[in-house]
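Biologist: Could you pick one part of this model and take me through it slowly? I'd like to hear how it sits among its neighbours.

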Amino acid sequence: MAARRDSSAPERPTSSPAALAADAGTVRALVLQGGGALGAYQAGVYEALAHEHHDVDWVAGVSIGAINAALIAGNPPERRVAQLQAFWQLVSSAPGQRLPAWAGERRLLGEWSANAAIVAGIPGFFTPRMDPSLLLGSAAPVLSYYDTTPLKATLERLVDFDRLNDSGMRFSVGAVNVRTGNSVYFDNRRVRIGPEHIMASGALPPGFAPVHIDGEDYWDGGVVSNTPLQYVLDEHLRSRRLLVLQVDLFSARGAMPTTLGEVMARQKDIQYSSRTRLNTDVLSANVNLQQALAGLLDQLPPERLQEPGMRALCEQLRSAPIDIVHLIHRAENWEHEAKDYEFSRTSVQAHWAAGLRDMQRTLGHPGWLQRQTQGGGVTTYDLAGPHDGRVRRPGTAVGQGAVAAAPAPAAVGPATQR
């Protein structure tokens, strides 16, 4: 999983996410969805970003996204990719995860790897809970099938929590309060983050037990919402421009299943995608509508605009431009319903390479030549997806046809619909 360059990636234009990220006053946020073993895709995305020497101001994650986020925020820039590599090599190092690709059909090897994880656990992550009471089935007086104590040791070894809390990069991870059912975000602007907060964000039941923090118990944030985008938009200071790189691990779109295994895989995609594109589009439409209302209010007589309530309303409605760059892991034909706990070295490397490739294509896509520079509202970009990319600008209604900002270079070519 060493750094690689995609030979098919086009030459990057002068105006790109890189140029946008350099704009004065822009807050650059990296948003990482949950998805277990698919999280290697996010590591590949970050490697491509780091190769171009671009940093982020804020990293937010859920579940495996929280682990990747901690590895980024908890290390100096020059060590982040290496620490991501160390984690993903560790979790794919068990004998059951190291079968070479030539040992059999790809899907069968993946199923073997997933079954090995169920039986033996994953190095540096979790081990089976050897408790005889599990023979009682659902009446067993335990809260999980696996023990995540190894993950705590891995985080303490690979993450510098002093740096994570004190370096100036904002860090937020989502979890769910087991007792209240409410979504909670642990943010280093409010609490001092430790390994327990990362583990809480990834404590998906019934596989993993809730994590006890300050008198409360927490499960995986994906139980309520598998992406922290809403939190970032809610917490962001609206007067500052925001660039969000949203990296999702499940695609809301997919083919009609033809087998029971494909039914299970498709169900999981839909469940954990948080309706990926629709969610982003609806959030964007809400902000754009507020922006339009602020424009209408500006046409009122000046004396009305000076009224305290009216001034507060206008300030609440206005927003500096928000750009959401969307990267989505789109399933390959060899993936199956256990892809989120299939940690084979072959699959981890494939997911990592896909993230690297998609980020390179996004950085080089000419859609950025037409980025919004004035006004407000939300522009969303999916530049590594099917049909040479998709751009939705303020004023485009949800449900309206996708708009391609510019034709992709021949070197990229249309991506396969997945």
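Modeller: Strands are DSSP runs of E, at least two residues long, numbered from the N terminus. This is a predicted model, so local features need pLDDT of at least 70 and side-chain atom pairs 80 or more, while totals for chains, interfaces and linings use all residues. Residues count from 1 along each chain as its sequence is written, and side-chain values use heavy atoms, with hydrogens and water left out.

My pick is β9, residues 242–248. On one side, β9 pairs with β1 (residues 27–32) through six bridges, and the two run parallel. To find your way there, look at A29: V244 in β9 is its bridge partner. β9 also pairs with β10 (residues 322–328), again in the parallel sense, over seven bridges. There, V247 stands opposite L327 of β10.

Now the side chains. In a regular strand they alternate between the two faces of the sheet. Here L242, V244, Q246 and D248 point one way from β9, whereas L243, L245 and V247 point the other way. Buried or exposed, which are these two sets? Both are buried, meaning under 20% relative accessible area with a 1.4 Å probe and protein chains only. That includes Q246 and D248.

Conventions: Buried < 20%, exposed > 50% of the residue type's maximum accessible area, 1.4 Å probe, protein only. Helix = DSSP H or I, 4+ residues; strand = E, 2+ residues; numbered from the N terminus. Pairing = 2+ DSSP bridges.
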